[in-house]
Amino acid sequence: MKITLMSGLAAALVAAASQSSRAADPPADPPAPDGGTPDAGARSAEDEALLREIEDSTAPPAPAEQKPEAPVKAAAGGAFSNAFNPAMSVNGLFLGSFTSQDHPAGEQAHTGVAIQEVELQILSNVDPYLSANVILAMEGGEGIGVEEGYLSLAAQPLGIAFRGGKLKVPFGRENPLHAHALPFVDRSLVGQAVFGDGLGEVGIEGAYLVPVPWYLLFTASLLNGDNEAAFHSPEGRDLEGFAALKSVVDLTDDATLELGASCTLGRNADRLLSQVAGVHAVVKWKPAAEATTHSAVVTVEGLYSRVPRPGIPNGVETDTYGLYAYAQWQLERRWYVGGRFEFLRPASVVPDMSRRESAMLVFAPTEFSAVRLQGSAIQPGAGSPAFYEAFLQVNFTLGAHPAHSY
């Protein structure tokens with residue numbers, strides 16, 4: 001309707017202009033010698049051109065011609081597009097260490113400079129139904145091992161998220177963390193005593209978010225039970241069961257509380273039933289107005305392990321238990337301080353370790369790098385004298401590394 005009115009108005013304006021120009025023109029030309037009349041169109045050609053221009057500008061646009069999509073061009077030097085490459089990242093840990101004497105339990109019981117670990121992570125969607133995550137680790141910079149390698153199901157039947165393969169079992173707070181994500185340079189004493197290098201097993205896992213007003217996650221797994229410290233049955237049919245419950249609630253607008261309980265059981269090397277249980281609590285504070293400059297974390301975790309042996313009654317020689325507690329405070333945008341206390345009542349796994357206190361200073365210029373200085377005092381059991389450790393660690397990340405768990 002608007003286009004019709006505009007076209008009519010334009011035509012009226014052109015007609016008025018034509019009459020005005022004819023009134024101002026000189027007298028008409030005399031008749032042509034052949035008896036015809038002069039060419040009237042010659043005098044109004046300019047007006048008609050203007051009319052056509054106005055009509056063209058007010059006419060509705062013609063539908064755009066559909067053009068076929070251009071084919072995807074192959075990347076230079078290859079036949080495949082970079083759009084289908086997986087996300088890849090590398091984490092590196094370089095470590096300088098000093099210890100006043102050797103001890104059997106520490107992960108770094110030597111003095112010198114070394115590569116602590118190099119980790120390669122490859123993450124991608126396989127197809128609309130599966131995604132894959134593969135993490136290869138070179139501990140000490142030598143040898144390549146599969147730290148994790150699993151497939152996750154895109155669909156969640158009955159609200160259950162499934163994954164299967166080599167898993168870092170989500171037992172408690174510390175065990176699921178990779179070396180570069182640990183809050184301190186080394187793992188806790190009780191974590192080393194109960195699980196050795198960590199509880200990483202081949203199996204299948206299901207996680208269910210319980211429909212309650214707060215975050216409540218239930219996780220259950222069926223695993224091979226290959227961990228040498230707690231299980232490692234010689235019979236392949238002796239599987240390990242795992243279950244955990246984790247809850248997170250808001251304390252204030254700036255603080256949260258996480259509570260968790262985990263347990264696992266399976267046959268050990270003597271085909272006796274081993275059991276491990278643990279609980280943890282984490283308080284996190286990050287004010288919204290100062291989220292990049294101030295934060296705090298307080299964590300407490302306790303573990304209890306019973307690994308029975310033939311002919312030995314359950315008790316002192318079969319039970320290991322302990323806890324660790326640490327606090328970390330962000331001073332400024334790039335500076336952090338932290339402290340940790342640990343207690344361990346070992347069985348035969350760690351025979352001469354009972355207590356350790358650690359302090360740490362961290363400089364993190366960006367989220368891709370950090371330098372950590374840590375000092376520890378260790379009080380062995382059986383009246384042995386205390387000894388000391390110091391570490392200087394450089395932690396860096398290359399590539400598209402996925403976010404860590406909250």
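1. W335 is partly exposed, at 39% relative accessibility. Buried here means under 20% relative accessible area, exposed over 50%, and partly exposed in between (1.4 Å probe, protein chains only). W335 sits in strand β13 (residues 335–345). Helices (H or I, at least four residues) and strands (E, at least two) are DSSP runs, numbered from the N terminus.

2. This is a predicted model: local features need pLDDT of at least 70, side-chain atom pairs count only at pLDDT 80 or more, and totals for chains, interfaces and linings use all residues. Residues are numbered from 1 along each chain as its sequence is written, and side-chain values use heavy atoms, with hydrogens and water left out.

3. W335 belongs to a nonpolar surface patch, whose members also include F94, I115 and W329. Together the patch residues have about 890 Å² of accessible area (Shrake-Rupley method, 1.4 Å probe; for residues, only the protein chains shown count as cover). Patch residues have over 30% relative accessible area and no salt bridge; like charges are joined within 9 Å, nonpolar side chains (Val, Leu, Ile, Met, Phe, Trp, Tyr) within 5 Å. Strands β14 (355–366), β15 (369–379) and β16 (387–399) each supply at least two residues of the nonpolar patch.

4. Now the salt bridges (a side-chain nitrogen of Lys or Arg within 4 Å of a carboxyl oxygen of Asp or Glu). The count comes to twelve. D186, R340, E342 and R356 are linked in a network.

5. Within it, D186 pairs with R356, the closest N and O atoms being 3.2 Å apart. D186 lies in the loop between β5 and α3 and R356 in strand β14, so the pair ties together parts that are 170 residues apart in sequence. D186 is buried, at 4% relative accessible area. R356 is also buried, at 1%.

6. E342 forms a salt bridge with R356 too, with the closest N and O atoms 2.7 Å apart. E342 is in strand β13 and R356 in strand β14, so this pair ties together parts that are 14 residues apart in sequence. E342 is buried, at 1% relative accessibility.

7. K168 bridges to E147, with the closest N and O atoms 3.9 Å apart. The pair links distant parts of the chain: K168 is in strand β5 (residues 160–168) and E147 in strand β4, 21 residues apart. K168 is buried at 6% relative accessibility; E147 is buried at 16%.

8. For the chain overall, the secondary structure comes to three helices and 16 strands. Buried residues make up 34% of the 406 residues.
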